[in-house]
Amino acid sequence: MQSADSINTFSSEDFLPLKQVKESVINQNESLDYWQGSWKKLRANPRAMLSLIFIVSLVSFSLFGPLLWRVDPARQDLNQLSQAPSMNKQAIVVDTFISWQPENLFGDQGIKHLSILSPAHTSSVKLRWPINPEADYYEIYRHEYQPSGENDFGLPLAETSKEENFYEDRLNLEPQTYFYTVLARDGEGKLLAYETIETGLEIAVSKKDAEKHLQAGKWKKVSEHEGVLRVELSSHPMGTDYLGRDMMARLMEGGRTSLIIALIASLLFVAVGSLYGALAAYIGGQTDNIMMRFADFVIALPFLLFMILLKVSFGIRPGESGIGVMVFSLVILSWPGAARLIRSQVLVLREQNFILSARINGAGVLHILWKHLFPNVLSLILISLSFAIPSVILTEAFLSFIGLGVVPPTPSWGSMCQEGIKTFLFHPHELVFPSVFIGVTVLAFNLLGDGLRDAFDVKAE
Amino acid sequence: MKIFILKRCLYGLFTVWFIATATFFAMHNVPGNPLNDEKATSAEIRKNLEARYGLDKPLYQQYLIFLTNMAKGDFGISFTQKNRSVNDIIKAHFPVSAALGFLAIFFAGVGGVLFGALAAHYKNRWPDYLLIALVVITISVPSFVFAALFQLALVNLNLYFDIKLLPIAGWGSVQHMLAPSLILGLGTLAYLTRLMRSSLLEIENAPYIKTAKAKGLSESRIFFRHRLRNAVLPLVTVLGPAIAAITTGGFVVESIFAIPGLGKYFVEAVHQLDYTLIMGTTVFYGSYLVLMVLLVDILYGFVDPRIRMS
């Protein structure tokens with residue numbers, strides 16, 4: 001029963017509606033230690049678990065992918081440059097170049113419309129059109145889109161005389177759709193008439209190439225009739241880059257580069273920072289003061305500028321990757337963050353009784369650090385690791401993008417972006433794939449970090 | 001307050017000294033003699049450079065010469081560009097970067113406050129979720145991807161409307177600045193949005209808000225006079241790091257949008273191993289950032305009296 005006095009000591013909080021208590025995921029009767037409890041909480045967090053599954057599959061994609069997808073990331077498929085993602089692409093086998101000499105093609109020959117001789121492929125497109133009796137000469141244009149009017153025919157290819165009512169186009173043909181337009185003009189250059197025709201081009205491969213790859217079993221024969229052989233080319237599920245290299249193989253190899261840099265650098269600088277912070281806090285006093293002042297100075301260094309400066313400083317010339325130096329610079333410049341975090345935690349821990357009793361029992365500094373402090377800050381270390389990795393991935397991408405990180409021919413996701421942006425307007429997949437990999441990886445690690453923070457129930461800044 | 005400012009300034013000065021020292025020893029560590037490089041072939045140039053930097057003198061004297069030059073604001077002569085001093089290059093190209101950076105900060109600040117307030121207003125409803133999702137995507141994807149996508153969008157928009165809405169790259173007019181500075185500020189904008197949202201939600205039930213409500217003030221007045229003012233405060237603290245991020249972010253944005261800023265020059269200087277230009281710009285950028293952080297600190301001291309007390 002409450003006494004009369006306590007009725008007057010109601011505070012405003014007593015009149016707030018009761019909050020619905022969220023059911024704890026941990027069964028109170030079950031006895032779990034800290035790690036088991038945290039793991040259980042993490043498992044109940046769908047976002048964190050999804051991220052964890054994604055990270056595991058990503059690492060296996062980079063590490064074990066090459067075992068399944070046995071394509072050399074450096075091999076160039078010159079028949080498929082900058083190909084969009086495709087499977088089982090077919091190609092037509094053509095003879096080595098024989099110039100089109102259609103002596104018997106002069107004259108009308110009953111042609112009614114502009115037409116294209118089948119098959120049209122990337123080696124040559126053959127056009128014929130009816131003779132216009134008033135025409136003095138013809139102009140041939142090629143466009144990638146449907147021409148929108150008389151000023152929009154696209155790329156001028158050639159002019160032919162009035163007797164020549166045929167043309168063979170061999171200029172930089174790509175396996176795509178083209179719109180050919182033939183213009184008839186009179187002696188004064190006046191436009192008499194024009195006709196447009198649309199055609200899709202097959203990939204053409206040379207006979208020699210086909211024989212070689214068919215023998216090696218890399219290509220498959222699809223059909224052969226009327227002397228025209230069609231083959232199936234090597235598949236590139238994620239397309240190829242501008243040098244014809246398989247994007248999937250490169251993404252695997254690039255992932256290995258990016259992830260190895262991220263993992264090693266983060267592990268090292270979190271370890272160095274933790275040790276530094278723990279030592280500073282444990283020793284305390286003036287030493288702590290000086291040590292943390294120094295850490296403050298290192299934080300004040302402009303990060304990316306010094307990443308670049310250190311690269312130059314270790315004699316890594318432009319055009320060299322210097323992955324070791326990059327990891328070293330990351331460690332040198334990034335440790336103070338972890339040091340501050342761990343120090344603040346150790347400052348609290350060192351005042352506690354279990355440390356005191358360890359000291360009374362004559363434990364040395366290293367013993368206390370390793371046996372008593374380390375297990376208590378391990379959760380913090382794990383959290384800072386999972387936030388450190390994405391920031392290193394982004395740093396690597398940024399540096400590689402401006403050509404001062406991992407440089408070609410070594411693939412990393414950042415350097416692949418740098419190569420991809422050059423042809424981005426025409427072949428977006430070369431930029432999109434590596435940047436999606438970067439983005440999703442960073443996202444996954446960040447979400448995992450959030451999940452870990454909730455699971456360990458730590459108040460981190 | 002005076003003591004607070006004085007302390008901050010002294011600390012800033014120490015930081016600049018630390019940056020200059022680190023730069024000097026980092027560059028001294030470069031293997032080989034930079035003057036033996038094919039870059040500075042002529043004997044006269046070599047002799048002049050040696051005399052100027054005291055390369056024949058012992059290390060500590062070189063260091064002193066370097067420090068006095070930096071203190072005088074003399075950053076030396078470019079290694080690769082004839083008859084051009086590093087000061088000239090900084091003078092010519094830094095204003096471009098600074099203008100771009102400040103516009104980016106402006107976009108980031110205004111956008112961050114606006115979107116953060118929107119997200120907090122629609123807390124746990126779809127506009128909030130949408131904004132948070134956008135923020136997360138923006139933070140996870142590197143800025144050059146957005147720059148490329150933005151350029152692609154501009155090309156298509158310009159084609160579609162058949163007029164030049166905004167130039168795709170280049171420098172010279174206000175229109176040229178809009179797209180790159182927006183991209184440059186995007187990451188900071190996302191970060192500020194998240195911060196603004198959480199800071200608004202934190203003060204949702206603060207006593208002074210309750211008082212304002214109890215007084216019967218209108219929603220908009222409470223928002224502008226009480227919520228907004230207090231929620232914006234923590235945003236000022238991250239302005240310093242934000243300026244640093246935006247300044248270095250300029251390296252990428254300037255080269256994608258073909259802007260003649262100092263960031264682009266710095267990257268080119270590294271590619272050409274123009275040692276003096278690298279040193280000069282590093283120290284200059286470092287001091288600039290320290291100055292900016294200092295100004296933000298002092299500003300924050302003015303805005304929030306609790307800071308200068310502690």
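Which residue takes a positive phi in the hairpin of β10(A) and β11(A)? I looked it up: E226(A) does, near 55 degrees, and the hairpin has two residues between the strands.

Notes on the model. This is a predicted model, in which I took local features only at pLDDT of at least 70 and side-chain atom pairs only at pLDDT 80 or more, while totals for chains, interfaces and linings use all residues. Residues are numbered from 1 along each chain as its sequence is written, and chains are lettered from A and ligands numbered from 1 in the order in which they are written.

I take helices (H or I, at least four residues) and strands (E, at least two) as DSSP runs, numbered from the N terminus. β10(A) covers residues 220-225 and β11(A) residues 228-232; they pair in the antiparallel sense over five bridges. Two strands pair if DSSP finds at least two bridges between them. K220(A) stands opposite E232(A). I counted zero buried residues among the six of β10(A), so this strand lies largely in the open. Buried means 20 or more other C-beta atoms within 10 Å of the residue's own, exposed 12 or fewer, partly exposed in between, with C-beta atoms placed from the backbone.

Entry 2, the sheet. I found an open sheet of four strands in chain A, in the order β5-β4-β7-β8, with antiparallel pairing. Its edge strands are β5 (155-161) and β8 (191-200), each pairing on one side only. Neighbouring strands are turned by 20 degrees against each other on average, direction ignored. Nine bridges join β7(A) (residues 177-185) to β8(A), and Y178(A) has T199(A) as its bridge partner.

Of the 18 residues, 15 are buried, so α10(B) is largely enclosed by the rest of the structure. A258(B), which follows the helix, has a positive phi near 55 degrees.

I checked α4(B) (residues 86-121) against α7(B) (residues 174-202): they pack at an angle of about 35 degrees, with axes 5 Å apart. Axes are lines fitted to C-alpha atoms, for helices over the stretch in contact, and angles run from 0 to 180 degrees between N-to-C directions.
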